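Welcome! Open your viewer, keep the selection tool at hand, and follow along from stop to stop.

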Amino acid sequence: MLEPGRHLTLGNVACAEGALRAGCRFFAGYPITPASEISHHLSAELPKVGGVFLQMEDEIASMSSVIGASWAGAKAMTATSGPGYSLMQENIGYAHMTETPLVVVNVQRSGPSTGQSTDPSQQDIYQARYGAHGDYEVIAISPWSVQEMFDLTVRAFNLAEAYRTPVMLMSDGLVAHIQEKLVVPEKVEVVDRRKPTSKSSTPWGTDDPSLVPEMPAFGEGHRLLVTGSTHRPDGMRIVTPQYHQMTVYRIRDKILNAEPKIRDIHRVQMEDAEVAVLSFGASARPSLEAVNQARGEGIKAGLFRLKTIWPFPEEDVSALADQVDAVIVVEMNFGKLVREVERVACGRTKVVSLGKIGGQLHMAREVLEAIRGAAA
Amino acid sequence: MKSLYYYRDRYVRAQPTAFCPGCGGGIILQCFLRAIDDLGIDKDRILAVSGIGCSAWIPSPYFDGDTLHTTHGRAIAFATGAKAFNPDLTTVVFTGDGDGAGIGGNHLIHAARRNIDLKVFLVNNFSYAMTGGQIAPTTLHGETTVTSPYGNPESPFDITQLVKAAGATYVAKWSTYHVVELTNAMKEALQHKGFSFIEILSQCPTQQRRVFNLRGALESLPPRILEMFGESTYVRGRPGKTGYLYAVPKGDVKETLIQAEALEGVKARIVDHIGFGQVVRVETKQPEVTREKLGGLSSVGGVADHLEKKIEVGLFERSERPEFTESLRAIMRKAKGE
C-alpha cells in the first residue's frame, strides 16, 4: 500500500489503493484493457492485508464470486471494461434483488463490441442504469482525476455498505491511464454494513426508516435463504404480486430516499453563470478549460460536473434549467445523458448536446465554440 | 434406529417439498442429510449453493442451513467466492446437468482445475426438466424430446470423465437407485480435501416420458427408470450380474420378443436400454448357449451382455494435490513475509 502523502501515480492504481483503504478484502476479475492495472495492484497488495485475489475464468464468474464473497462477509469488488461489463449484467441484477453490497469498476472503453478496445469512452452510462433486466435503482459515480479514482472508490464502498446495494464506479480509459498527483490521506472515513443483533432478524425486510435491512453473513448461524427469486423478508421464496411489489419497491425506495445524500455535484463558476457546461468524468476536463477560456472572453460560463450520475440529480438540474440560458452537455458518446437533462429541463432552457465518439477526448476549443454559440 | 421424521425435523426447513411425485430430488436430499448427520457436521457450518433448475430446489429452501440460490449455471462460481473468503465453511453445490454441464460447464471444469474444496453434486436427469424437457448436454443421441422431435442430433457429455480429466481429486458417479452407495460417496466427498464431484443419475417422471419415449401410465414410470439405472448400470470393481442378455432387434422389437420367448428355458421382456433403446432382455441360466441361439434368430441384429453400452457407476478418482484455498492462505503468508 502507498504511504499517506503525495504520490505520482496511475488512475487504476489510485482506484486499487482506495479500495484497500475502504476495507476491500476480496477482488475477483478477468483481464481486460484498460482495467487490468487494478487487478495487477490488488493481486500484490490484497494478500498482505489478509485479502483474497482471484482471477476467474470469465467476467460472469468474477461477478458471481464477488457476490458469494460479499455474503461470506467481505467487502468485495470487481473491475472490468465494456465487454466484461455486459457479461456481468445478469448477476448485477441478482445483486440488486438480493441487496448485496459490492463495487463494480467499469473503466469504459470505446464500443460497441471490441470497438477501439483501449480507447476511452463514456458510452456505458445507460448500461449502468438499465443493464440488467427488471426494475431497480442504481448508484453510479464518475471520477475525473487520479485523486477521484481514489476518493470515489472509497465512497463507492461506503455507499454500497450503507445502502446494501451494488455501486458502479464509472471510470474511463483516460482517467484510468493518466499519471497525476495523488494525495493519500492519513485516515479515510469508512462505513460498514449493519450487522444483525439477533438471529431472528429479517435480512430482506426492515422497520428502519432507511429501508436498508441488516445483513448477516454465512456461517453465523442465521440459516440464510439468499435467492434471486421474489422473497419474503426472511428470504423464503414467494412470487405473489404483493410480495414482489413490497420487495422491489423497497429496494428502489431505499436508494431514492437517500438521493440527496448520494447526490454529488462539483460546480465551478456557477454562481453567476448564464451558460452551463454539464459533464462528468474525463470529458469534464476539457469542459473546465473551455469554461475558463470563455470567462476570459467575458462569457458567463460555468461547469456543472456530476460526480454522481445515478440516481440523476433531478432537483439540482431542474434549478440549473431555471438559472441558465443554455446547458451544453459534453460527453464521450452519441449524446446520452443529454436525454436526462432534456427530460428534467422540460424546455425551460436551451439544451445542446455535444457528444463525441472515436476514443478521443473533446478539445477545449470544441467546447468553447459551443459555449460561444450558446452565448451569442 | 432413527425415527422416520428424524432427518426432516432436524434438517428440513419447508414442507411438503415442491418436487413432482417420483422425483429423485427428495432421495438426493435424504442421502445428503444422512451423510452430514453420520459425519456429525454442524448444519450451521454448511453453505449449500445452487443454481437454477429442479436440482437447485434440493437445498433451497429445504436445507435448514445457509443457502445461496443463484443464477443459472453460476452456482460453482458463487461458491468459489464464498469458500475462498471463508474456507471454514463446508461449501456444497447442488447443480443439474443443464445447470452444471451446459450453461455452467466452464465454471465446472475451472473449479475442478483449481481443486478448490467444493463438494459438487450434479443431478443428471438427462434433460432440462423444469423448463419442459428440452435436450440437454446429457441427452442421448437419437432421443426424442420437445426440442428434438426427430431425435437428438447431438451426442452427450460423459460429465464424470470430463470433470476427472479437468483435474478433480474426488470423482464418483451413482444413481438415485444406489442410495447406500450414494450416501457413502457423499460422506467421502465431504471428508475429502479438494474438488469433490459426484454425478447422480436421477429420474424425472414428469419429463422422461418424452425423453425416453415412455408412453405408459405414470405409475409404471419409477420401476422402469429404476430398471434402466439399476439393472443396466455397471458398478466399477463389482462382479456384474450374470444371466441377462440383451437382444437388439433388426426391426420390430415385438417380433424379436416373440422369437426370443420361443427359446427354451428363458424369460424375455422388452426393456429400454440406456444405450440401445428398446431391446429384448433375456434372462437365462445358460448364457453361452442362449447367446448362440439368440444370435441365430432372424429378427435379432445383435446380442449384448450386461456390460456393453452400460452406464458405469462407482468411484472414478481419488487423489491428492494442492487445494486452492490452502494455496491462497500460503500466498497470504508469503506476501506478509511470514
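**Stop 1: the two parts of chain B**

Select chain B and colour domain 1 (6–228 + 312–329) and domain 2 (241–306), the two parts into which chain B is divided; the domain bounds come from an automatic or database domain assignment. The C-alpha centres of domain 1 of chain B and domain 2 of chain B are 34 Å apart.

Before going further, a word on the ground rules: residues are numbered from 1 along each chain as its sequence is written, while chains are lettered from A and ligands numbered from 1 in the order in which they are written. What you see is a predicted model, where local features need pLDDT of at least 70, side-chain atom pairs count only at pLDDT 80 or more, and totals for chains, interfaces and linings use all residues.

Helices (H or I, at least four residues) and strands (E, at least two) are DSSP runs, numbered from the N terminus. Of the 338 residues in chain B, 50% are buried. A residue is called buried if 20 or more other C-beta atoms lie within 10 Å of its own, exposed if 12 or fewer, and partly exposed in between, with C-beta atoms placed from the backbone. Among the contacts in chain B with a separation of 6 or more, 69% are between residues 24 or more positions apart; two residues are in contact if their C-beta atoms, placed from the backbone, lie within 7 Å.

**Stop 2: a helix in chain B**

Select helix α6 (residues 159–166) of chain B. Which residues are buried in this helix? They are Ile159(B), Thr160(B), Val163(B) and Lys164(B). These residues are on the same side of α6(B), because they cover an arc of only 135° around the axis; the arc is that of the directions from the helix axis to the C-beta atoms. An α-helix has 3.6 residues a turn, so residues three or four places apart point the same way.

To see what the buried residues of α6(B) pack against, show α4 (97–103), α5, β4 (119–124), β5 (170–175), β6 (196–201) and β12 (311–318) of chain B. Then step just past α6(B) to Gly167(B), which takes a positive phi of about 115°.

**Stop 3: where the chains meet**

Show both chains together: 33 residues of chain B are in contact with 37 residues of chain A. On the chain B side, β2 (66–69), α3 (75–85), α5 (105–114) and α12 (324–335) each supply at least two residues. Which element gives the largest share of this side? It is α3(B), with 8 residues. By class, the chain B side has 14 nonpolar, 12 polar and 7 charged residues. Here Ala, Val, Leu, Ile, Met, Phe, Trp, Tyr, Cys and Pro count as nonpolar, Asp, Glu, Lys and Arg as charged, and the others, Gly among them, as polar.

**Stop 4: the two domains of chain A**

Move to chain A and colour domain 1 (1–262) and domain 2 (264–375). Their centres, taken over C-alpha atoms, are separated by 28 Å. The contact between them takes 28 residues from domain 1 of chain A and 22 residues from domain 2 of chain A. On the domain 1 side, α5(A) gives the largest share, 4 residues. That side divides into 17 nonpolar, 6 polar and 5 charged residues.

**Stop 5: a helix in chain A**

Select helix α2 (residues 36–45) of chain A and pick out its buried residues, Ile38(A), Ser39(A), His41(A), Leu42(A) and Glu45(A). They cover an arc of only 165° around the axis, which puts them on the same side of α2(A). Among the elements that cover them are α1 (11–22) and β2 (26–29) of chain A.

**Stop 6**

Most residues other than glycine have a negative phi, and most peptide bonds are trans. Zoom in on these exceptions:

- Gly111(A) and Pro112(A) are joined by a cis peptide bond, with omega about 10°; Pro112(A) sits in the loop between β5 and β6 (116–120) of chain A.
- Ser113(A), in the loop between β5 and β6 of chain A, has a positive phi of about 55° although it is not a glycine.
- Glu99(A) also has a positive phi of about 55°, and is found in the loop between α4 (82–98) and β5 of chain A.
- Gln15(B) and Pro16(B) are joined by a cis peptide bond, with omega about 0°.

Is Glu99(A) buried or exposed? Glu99(A) is buried, with 20 other C-beta atoms within 10 Å, whereas Ser113(A) counts as exposed, with 8 C-beta neighbours inside 10 Å.
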